[in-house]
Amino acid sequence: MGKIRIADRWIGEGEPTYFIADIAANHDGSLKQAKELVYLARESGADAAKFQNFTAPKIVSAYGFESLGTQMSHQSKWSKSVFEVYQDASIPHDWTQALCEYCREVGIHYFSSPYDFEAVDMLEPFVPAYKIGSGEITWPEMLRKIAGKGKPVLLATGASEIGEIVRAVDELRAVNPELVLMQCNTNYTASLENFRYIQLNVLKTFQLLFPDLVLGLSDHTPGHTTVLGAVALGARVVEKHFTDDTHRVGPDHGFSMDPATWREMVLRTRELEAALGSTVKTVEGNEKDTVVLQRRCLRAARDLKTGSVLTREMIDVLRPAPRDAIFPYDLEKLIGRRLRKDLPAGKHITWFDIE
């Protein structure tokens, strides 16, 4: 796994997991609420606050969705049409500078997912990185447009076949090598059934196919299981939706995390990172006393006199094992050797006790 730099942060191998709070549509049309969510995300341990820049006519076809005859999946719960929901969820371009400056003020990175060419250009002066949503993975023009800005790119891979992902990665890396590849399942229903479809082991496939890329997870499941599993498998970027109240009305609130669950996620992840540690197996600093207490050594089974020739019956194998003791794997080397000093029963045997 490689490394990339987003603003002042290195991300990748050996670095702490980078957490992105996707505020998305949870601003509910209010710049004030958007800023409050930025602040809460930072206080909860997020490294970045991410928004989505689109206008309804440039992302969805009202005719197209109406012609489906029904609103499917998570959209089936929407009281408004798909086009109207996207209209309500869009962020005015003139919020961008205010949000960027506020993120800088509170100490969190600001970036966004653009969904049209104009948004890509508009965001360029403000973002240190671009996020590409899963739905854009089959649009090479957009991939090249974003990659051409020369900033790190994060690519989500929900609802994609591996061939589509390889093609998208090739398109992006032909222009820009700084890429985070994120496993994702784009079902937003918050059903516990979704755990059956997360397929975290795909991260192993990504690692084999793209060993130099930073890996990540864009997730919509409840709780911390998926995040912890992904980090254990090598993900170093995690994106989750963020809100202050999961009971608010809106397309994203229900499957988002709130400040309490977000803080818990970060804390558990930091514990996991500490626990994962090194690939080198050795006696750790906090085990040095345990080596003495739990290991066995060779001890006199009874009072032994100087000059005694040791037999197996004269030797016990017991705890503790002082550092100068002889260990059981050297038992055969002692048999037939002569003692150079008296040993009381129970005394551990050292090489200095043997002729």
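Is Ala 190 buried, exposed or partly exposed? At 29% relative accessibility Ala 190 counts as partly exposed (buried is under 20% relative accessible area, exposed over 50%, partly exposed in between, with a 1.4 Å probe and protein chains only).

A quick note for all views: this is a predicted model, where local features need pLDDT of at least 70, side-chain atom pairs count only at pLDDT 80 or more, and totals for chains, interfaces and linings use all residues. Residues are numbered from 1 along each chain as its sequence is written, and side-chain values use heavy atoms, with hydrogens and water left out.

View 1. Most residues other than glycine have a negative phi, and most peptide bonds are trans. Helices here are DSSP runs of H or I with at least four residues, strands are E runs of at least two, and both are numbered from the N terminus. Ala 24 has a positive phi too, near 45°; look for Ala 24 in the loop between strand 3 (18–22) and helix 1 (31–43). Ala 24 is buried, at 2% relative accessibility.

**View 2. Helix 7 against helix 8.** Helix 7 (residues 162–173) and helix 8 (residues 202–209) pack at about 40°, axes 12 Å apart (axes are lines fitted to C-alpha atoms over the stretch in contact, and angles run from 0 to 180 degrees between N-to-C directions). That makes the pair oblique: under 35 degrees would be roughly parallel, over 145 roughly antiparallel, 65 to 115 roughly perpendicular, and the rest is oblique. Ile 162, Ile 165 and Val 166 of helix 7 meet Thr 205, Phe 206 and Leu 209 of helix 8, contact meaning heavy atoms within 4.5 Å. Thr 205 and Ile 162 are 43 residues apart in sequence but 9.3 Å apart in space, C-alpha to C-alpha. Thr 205 is partly exposed, at 35% relative accessibility.

**View 3. Around Thr 221.** Thr 221 lies in the loop between strand 9 (214–219) and helix 9 (225–232) and is buried, with a relative accessible area of 5%. Its side chain makes polar contacts with those of Asp 219, at 2.7 Å, and Thr 226, at 3.0 Å (a polar contact is a pair of N or O atoms within 3.5 Å; within protein, one must be able to donate a hydrogen and the other to accept it, and residues adjacent in sequence count only if both atoms are side-chain atoms).

**View 4. A cis peptide bond.** The bond from Arg 319 to Pro 320 is cis, omega near -10°.
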